[in-house]
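My plan is to start with the whole chain and then go down to single residues.

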Amino acid sequence: MKRLVGVTLGILTAIGGFVDIGDLVTNALVGSRFGMRLAWVVVVGVIGICLYAEMAGRVVALSGRPVFDLIRERLGRRTGLVTLIASFLVTLLTLIAEIGGVALALELASGVQYLLWVPLAAIAVWLVIWRVKFSRLEQVFGLLGLLLIGFAVALWQLGPDWGDLMHQATTPRPTGNESWLTYAYYAIALFGAAMTPYEVFFFSSGGVEEKWNRRDLVTARSNVFIGFPLGGLLSLAIAGCAAVVYLPAGIEVGTLGQVTLPTAMALGQLGLAVVLVGVFAATFGAALETALSCGYTIAQYRGWQWGKLVRPREASRFHLVIIICLVLAILTLLTAVDPVKVTEYSVVFAAMALPLTYLPILIIANDPDYMGRHTNGPVLNFFALIYLGLLLLASIAAIPLMIVTKAGQ
């Protein structure tokens, strides 16, 4: 019974923790401009993150070692350094976006300008990382993130023409004045939002923190193959709300307030309040994960002491990296750069960096020296190689499409 409760809790946490500021903004923006015509990308992205996270979780459970430690050892310091730089920069950009998302959620709830919340949000993230246990941190913010199910309830209450939404989802093409180039640009953005690298680094590093072994593979796979797809349904609900409310009026979502407005229209102030708590939990939880992931990547590559189970004085360099990253996030956001724009760019850059982070894990997952008889099977490798091709295609096309479409304008 205790194990069943643990698996269930892990799945619920994975559902609530799947959505972050990138998913909120990108799905709502795409829903307002294309309806459900890019829903297929969410499905493709969720399958991809499941493959990616399963391999990373299996590597950790069987080796008991962090991913970046293995990448450095298996692929050498130079290749490992390229992976480290790509991963770290994308995760730092995502951390800035998440801190901005927390501040925007607090602005919506309080009416106080978001810039005043930025330093407080970053300090709160540091305090939680410093003082709260790892398992408590995962569960509290993951479970509160489940309140985002308010988007699914709101979509139902809005009474959409379900046949029309299904028609949109099964006709993957631009609509109205949109071009194929902007359609492709936002397809890459959605793909990057669903497969953000930090989710895998946090997931696998958490496995080391919680001392996974091969008996924990069932729990890890349940979290990945049940929790992530159900989390993907929340992403589709967010896009669906925007498609119903904004697409017919020709309004493009550009603020977090616009993302949550459909829930107020459908469920009233109480529904909006519930969803705002979910948005706060999702962005704050993601800020914790990205801040920790910044520390994880560098500490694991350098071979430093790291982790929340280690006394801070014994992992001082790990905590110093986190503090520096949070300070950089504060300074960047206090320049008044739009957090929503930072989010839009972060998901595109995440798509660009994905091959550099995905390929090393794929190589290690096929190495019998590390995995024994638990290397990838032929079916898994077939799909893993298809996704490697998709990631390379998205990575190569991201910058040219960003330039040609002026970032999707």
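Before anything else, a term I need: I call two residues in contact when they have heavy atoms within 4.5 Å of each other. I also keep in mind that this is a predicted model.

**Entry 1: the overall fold.** I looked up contacts between residues with a separation of 6 or more, and 84% of them in the protein join residues 24 or more positions apart. Next I checked the secondary structure and got 17 helices and 0 strands. The radius of gyration is 20 Å, close to the 22 Å that the globule rule gives for 409 residues, so I note the protein as being as compact as a globular protein of that length. Along the principal axes, the C-alpha trace spans about 55 × 50 × 45 Å.

**Entry 2: inside and surface.** How many of the 409 residues count as buried? I got 57%. The accessible surface comes to about 16700 Å², and 67% of that belongs to carbon and sulfur atoms. For charges I found 26 positive and 22 negative side chains, with the centres of the two sets 10 Å apart.

**Entry 3: aromatic rings.** I went through the ring pairs and the count came to 11. One of them is Y296 with F318, a stacked pair at 5.7 Å centre to centre and 25° between the planes. Y296 sits in helix α13 (residues 256-302) and F318 in helix α14 (residues 316-333), so this pair ties together parts that are 22 residues apart in sequence. Both Y296 and F318 are buried. I also wrote down one aromatic cluster, formed by F34, W180, Y183, Y185 and Y186.

**Entry 4: T182.** I looked up T182 and found this residue in helix α10 (residues 180-194). Is T182 buried or exposed? Its relative accessibility is 5%, and buried means under 20%, so T182 counts as buried. Leaving out residues up to four places away in sequence, T182 touches R33, F34, T405, G408 and Q409. F34 belongs to the aromatic cluster in my previous entry, too.

**Entry 5: positive phi.** A reminder to myself: most residues other than glycine have a negative phi. A336 has a positive one, near 75°. I found A336 in the loop between α14 and α15 (339-365), and at 48% relative accessibility A336 counts as partly exposed. K406 also has a positive phi, near 55°. K406 is in the segment after α17 (378-404), and at 59% relative accessibility K406 counts as exposed.

Key: Residues numbered from 1 in each chain as written. Predicted model: local features only at pLDDT ≥ 70, side-chain atom pairs only at ≥ 80, totals over all residues. Heavy atoms only, no water. Helix = DSSP H or I, 4+ residues; strand = E, 2+ residues; numbered from the N terminus. Rg over C-alpha atoms; globule rule 2.2 N^0.38 Å. Buried < 20%, exposed > 50% of the residue type's maximum accessible area, 1.4 Å probe, protein only. Areas by Shrake-Rupley, 256 points an atom, 1.4 Å probe, with all protein chains shown as cover. Lys, Arg positive; Asp, Glu negative; His and termini not counted. Charge placed at Lys NZ, Arg CZ, Asp CG, Glu CD. Phe/Tyr/Trp six-rings, centres within 6.5 Å; stacked < 30°, edge-to-face > 60°.
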